[in-house]
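User: I'd like to go through this structure term by term. Please set each value against its definition.

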Amino acid sequence: MKKSYLVLLATVLFSMSMFSQGNTDSKNTSSENFNELKLNGLYLVLGAFDVTYERTINQESAFGVNVFLPFDDDINDDINYYISPYYRFYFGKKYAAGFFVEGFGMLNSTNDYRFSGDFDTSIREETVTDFALGIGLGGKWITESGFIGELNFGVGRNLFENDRYDYEIVAKIGITLGYRF
């Protein structure tokens with residue numbers, strides 16, 4: 001279990017360093033801020049840490065990565081973690097804001113509980129890792145000083161372990177607060 005958290009942390013740090021190596025031109029205007037860091041308040045209340053890094057590409061598109069780590073035992077019994085890279089297309093008048101549609105991938109790890117045999121009543125727990133593809137939509141609002149409010153919903157389907165367990169469908173829901181810099 002601890003190895004999976006170390007792999008997850010290494011992947012997040014590597015992804016963030018890859019995203020940060022972009023345009024370092026000093027001629028950016030205040031309407032072209034490229035980096036965002038956001039925290040999902042809904043999941044925080046429910047017992048999980050969900051943080052997002054997003055990098056804008058231009059005024060109508062962006063890509064990012066979202067990491068979900070539960071800290072409450074009730075959530076941790078079912079979901080161990082997920083890492084979800086995404087691409088968004090924005091329809092708003094502000095720079096990379098307003099209504100958006102999103103395509104995402106999701107590497108997720110869940111716990112699957114199975115009976116050990118036909119007449120045995122003992123339950124065996126297995127960790128199942130899968131990859132899902134999905135689509136989402138939402139809205140992003142940005143203040144002049146760079147504070148962000150965001151609502152989003154996405155749904156996807158796991159691709160590889162669908163016949164083994166009950167977690168075929170994955171979902172992402174967010175009431176997110178953050179800052180653009």
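Analyst: Start with burial. Buried means under 20% relative accessible area, exposed means over 50%, and partly exposed lies in between (1.4 Å probe, protein chains only). This is a predicted model: local features need pLDDT of at least 70, side-chain atom pairs count only at pLDDT 80 or more, and totals for chains, interfaces and linings use all residues. Residues are numbered from 1 along each chain as its sequence is written, and side-chain values use heavy atoms, with hydrogens and water left out.

User: Why is Asn108 called buried?

Analyst: Its relative accessibility is 4%. The cut-off is under 20%, so Asn108 counts as buried. Asn108 is found in strand β5. Strands (E, at least two residues) and helices (H or I, at least four) are DSSP runs, numbered from the N terminus.

User: What makes Leu37 partly exposed?

Analyst: Leu37 has 39% relative accessibility. That value falls between 20% and 50%, so Leu37 counts as partly exposed. Leu37 sits in strand β1 (residues 35-40).

User: How do you know that Asn152 counts as buried?

Analyst: The value is 14%. The limit is under 20%, so Asn152 counts as buried. Its place is strand β7 (residues 147-158). Contact means heavy atoms within 4.5 Å. Not counting residues up to four places away in sequence, Asn152 touches several residues, including Arg88, Phe100 and Lys172.

User: What makes Tyr43, Ala48 and Phe68 part of a nonpolar core?

Analyst: A nonpolar core is a set of buried Ala, Val, Leu, Ile, Met, Phe, Trp, Tyr and Cys residues joined through side-chain atoms within 4.5 Å. Tyr43, Ala48 and Phe68 are among the ten residues of the largest such core. Strands β4 (79-90) and β5 (98-115) each supply at least two residues of this core. Another core, of six residues, lies apart from it, and Ala96 is one of its members.

User: Is Ala96 buried or exposed, and how do you know?

Analyst: Ala96 has 0% relative accessibility, so it counts as buried. Ala96 lies in the loop between β4 and β5. Its phi is positive, about 50°, although Ala96 is not a glycine.

User: Why is the pair Lys38 and Glu54 called a salt bridge?

Analyst: A salt bridge is a side-chain nitrogen of Lys or Arg within 4 Å of a carboxyl oxygen of Asp or Glu. For Lys38 and Glu54 the N to O distance is 2.8 Å. That is within 4 Å, so the pair qualifies. Lys38 lies in strand β1 and Glu54 in strand β2 (residues 48-58), so the pair ties together parts that are 16 residues apart in sequence. Both Lys38 and Glu54 are buried.

User: What makes Glu150 and Lys38 a salt bridge that links distant parts of the chain?

Analyst: The N to O distance is 3.0 Å, and the limit is within 4 Å. Glu150 is in strand β7 and Lys38 in strand β1, 112 residues apart.

User: Which distance makes Arg88 and Glu54 a salt bridge?

Analyst: The distance is 3.1 Å, N to O. Again, the limit is within 4 Å. Arg88 is in strand β4 and Glu54 in strand β2, 34 residues apart. Both Arg88 and Glu54 are buried. Salt bridges that share partners join Glu36, Lys38, Glu54, Arg88, Glu102, Lys140, Glu150, Lys172 and Arg180 into one network.

User: How many salt bridges does the whole structure hold?

Analyst: The search finds eleven.
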